[in-house]
Amino acid sequence: MSTITSSTGKAESVTVRRTEWSDAEEINHLISPASVAVFGRLNVINLLEKANLAVTLSSSKNEVLAHASFSDHPIEELVDQACWQNRLQNYASAEKLTVGRPMNTLFLRLFVAQPGFSIGGAKEIFRTVFSAVVELEHICLLTPYGGALEAALQKIFEPMTSVTDEAQYSAYVCHRHDHCPRLHIRKARVEDHDDLMHIFGEQITPLVETYGPFVLSELIETQEQEHHTAVCESDGAVVGFISVSAHVDLKLLNKCFELGAFEGLTKTDPSQQEEPHQLEEENPADDAQQSDETNEPVEGEQTAEEETAGGDQYTDISQTEYTEPCIKETVDCCEDSEPDGPSNAFCIQLFTMEKKFEMRSADFLPYLFKLFPERDFCVISVPKQAADFPLLQSFIRVAPRDTSTFPQELYLCHRWGLTRRLEVRVAVSSDIPAVQSLTESLSQRDSIIEDLDLFLQARKNSDGTALQAFVAHVDGRVVGLIITRDEEDIEFIRANFDIERFMYFSHNQREEHGRLCHFLLSPVFQHYTKYIFREVLRLAHKSCLYYLLPPPHDCYKNVSAHSLTAVLNFMVPVSPRRQIIYPLEELGINAPSQHITKLQTVPLFGLSELCELVLGFPRAESPCSDSCLCGAEDSKTVS
């Protein structure tokens, strides 16, 4: 909870939260003629149904003071949602500011506020959105209506200059560095001890009891080539701390966790490993907080120029073996064998962050990988009962072995997993060799290649149902494949599963429902699954996808078993509806059709654009059926 001041000088305690359906009436009352002049006439319920992110600023009495809705594309009247990148090329600043990348750009679809709270509410909402969405760098506003922006938006957005005379609309942009700049990362110093003890609070007590009251000072003083500590600063104040070490027990980790897909965290051929070159800067603005003590960087310190490059200075994948044969069955190594090759990982030993800044803790990662330029993995172990924290959103959970007794969960992050250049596009014929390489060790390879061929040749499967295929790629290198088809049996799904818990069915057209057939993604990029789903929904013009999951006693050739590890973690189960049990023999010719009485033998999972779905609902199988329906959110959310 924070405090904002109205234009009349009234201070109000406010909370920024995800918008709820019950807020729709109050939001509708806040829409003024000035709002209509910029955003057009809107159906609030439909806007909330389709928005990627909807945020509300509420008072201590839960009164709506301001609201903003964001989408991954401009309004439909302006441009097709799958082609908006071409439209932004008409503006001079688009290339310089990298606004045209779907991963780092959102569009403002509506902003309303109570009189007096417009300026303060807008600043608080935009600061929170940039803080919560790690990849976000720019928020755009494109309007064809010609209305002037209200004062609050004029203070946040700057106009984009058109390079042609063809533009019949106005375009504005705001940038992360103006509202929530990247944290400044530097080497920890002994004089940081008191600030760090305040941040750790009671969490440091077990270490103090074990190692003494100066454990942090000793940890900082003993830094050397294989052990480093760092702090992050905001406006010159220390707000976080991290300690990393190159000493990792690979034998223990390989014994307890399935690390075959990551080469056991070792370098299999060190002679072929090359240090990735630094990519060009994504954000030319200086959004780093600089230390007041000196303009010269401390050894190992991240400079402003390096920070503005985001995480992309470690994302060149031209020399890696992880992006081609990356989708493969886990290779079980002998639990008693020593890992082959030198270590390719370093570990996080100690980490803390002020709660206000914890959503920005991923700013540490590019700095850490620079400290270990010859190692590609960062690992962290977390107690099984510990609550998830935002840093883990940039990591991948490693599955434990069946025989593991390790008391903690293991997470890892690959340096190329920090890239902001991951994009999704429609598959083309030239992608076939890359897809064949991705699937060479999968048991479902033949059905995947068959469906891809059907899409490339006829855009439909053997039953005549429309197919769509997309590839995820980084700088042209294919790292994933997604194949969907139109959902032709939506009435059966609606009749048998309670999907209205997650969507307003009447606000989703029939053609906006689809079925997910295959989902393949390199393990290195699995933490971007939500982003990939968001892009698939945008490019396919879908609002909801359903995932087919066969029960253990069945085998369906058109389902990729490997998809489950990457997909199900981002889906939320929807319970089946209670069904009427018809006495078919007694009813005889009066019995309902087989379309109504057929058995639910195939579980389904759904992916919807609703912001509440991916985080708010537990996964659970229905006790009365061997099938279940799940819904999941597709995009960036405030978690």
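Guide: A salt bridge is counted where a side-chain nitrogen of Lys or Arg lies within 4 Å of a carboxyl oxygen of Asp or Glu. This is a predicted model, in which local features need pLDDT of at least 70 and side-chain atom pairs count only at pLDDT 80 or more, while totals for chains, interfaces and linings use all residues. Residues are numbered from 1 along each chain as its sequence is written, and side-chain values use heavy atoms, with hydrogens and water left out.

Visitor: How many salt bridges does that rule give, and which residue pairs with Glu191?

Guide: Side chains of opposite charge can pair when their charged atoms come close. The count comes to 22 salt bridges, among them the one between Glu191 and Arg189, whose closest N and O atoms are 3.5 Å apart.

Visitor: Is Glu191 buried or exposed, and what about Arg189?

Guide: Buried means under 20% relative accessible area, exposed means over 50%, and partly exposed lies in between, with a 1.4 Å probe and protein chains only. Glu191 is exposed, at a relative accessible area of 56%, whereas Arg189 is buried, at 17%.

Visitor: Which residue forms a salt bridge with Arg510, and where do the two lie?

Guide: The partner of Arg510 is Glu491, and the closest N and O atoms are 2.3 Å apart. The pair links distant parts of the chain, 19 residues apart, with Glu491 in helix α16 and Arg510 in the loop between α16 (490-496) and β19 (513-521). Helices (H or I, at least four residues) and strands (E, at least two) are DSSP runs, numbered from the N terminus. Arg510 is partly exposed, with a relative accessible area of 39%, and Glu491 also counts as partly exposed, at 43%.

Visitor: How should I read an aromatic pair, and how many are there?

Guide: A pair of aromatic rings is described by the distance of the centres and the angle of the planes. Rings of Phe, Tyr and Trp (its six-membered ring) pair if their centres lie within 6.5 Å, and planes under 30 degrees apart count as stacked, over 60 as edge-to-face and the rest as tilted. The structure holds 12 such pairs. One of them joins Phe70 and Phe126 edge-to-face, at 5.8 Å centre to centre and 80° between the planes. Phe70 lies in strand β4 (residues 64-71) and Phe126 in helix α6 (residues 118-132), so the pair ties together parts that are 56 residues apart in sequence. Phe70 is buried, at 0% relative accessibility, and Phe126 is buried with a relative accessible area of 0%. Ring pairs also link Phe157 with Phe70 and Phe126 into a cluster.

Visitor: Which strands pair with β10?

Guide: Two strands pair if DSSP finds at least two bridges between them. Strand β9 (residues 184-187) runs antiparallel to β10 and is joined to β10 by 4 bridges, with His184 opposite Glu233. Strand β11 (residues 237-245) pairs with β10 in the antiparallel sense over 8 bridges, and here Val231 stands opposite Phe241. β10 and β11 form a hairpin with 2 residues between them, and Asp235 in the turn has a positive phi of about 55°.

Visitor: How many residues of β10 are buried, and which way do they point?

Guide: In strand β10 (residues 227-234), 8 of its 8 residues are buried. His227, Thr229, Val231 and Glu233 point one way, while His228, Ala230, Cys232 and Ser234 point the other way.
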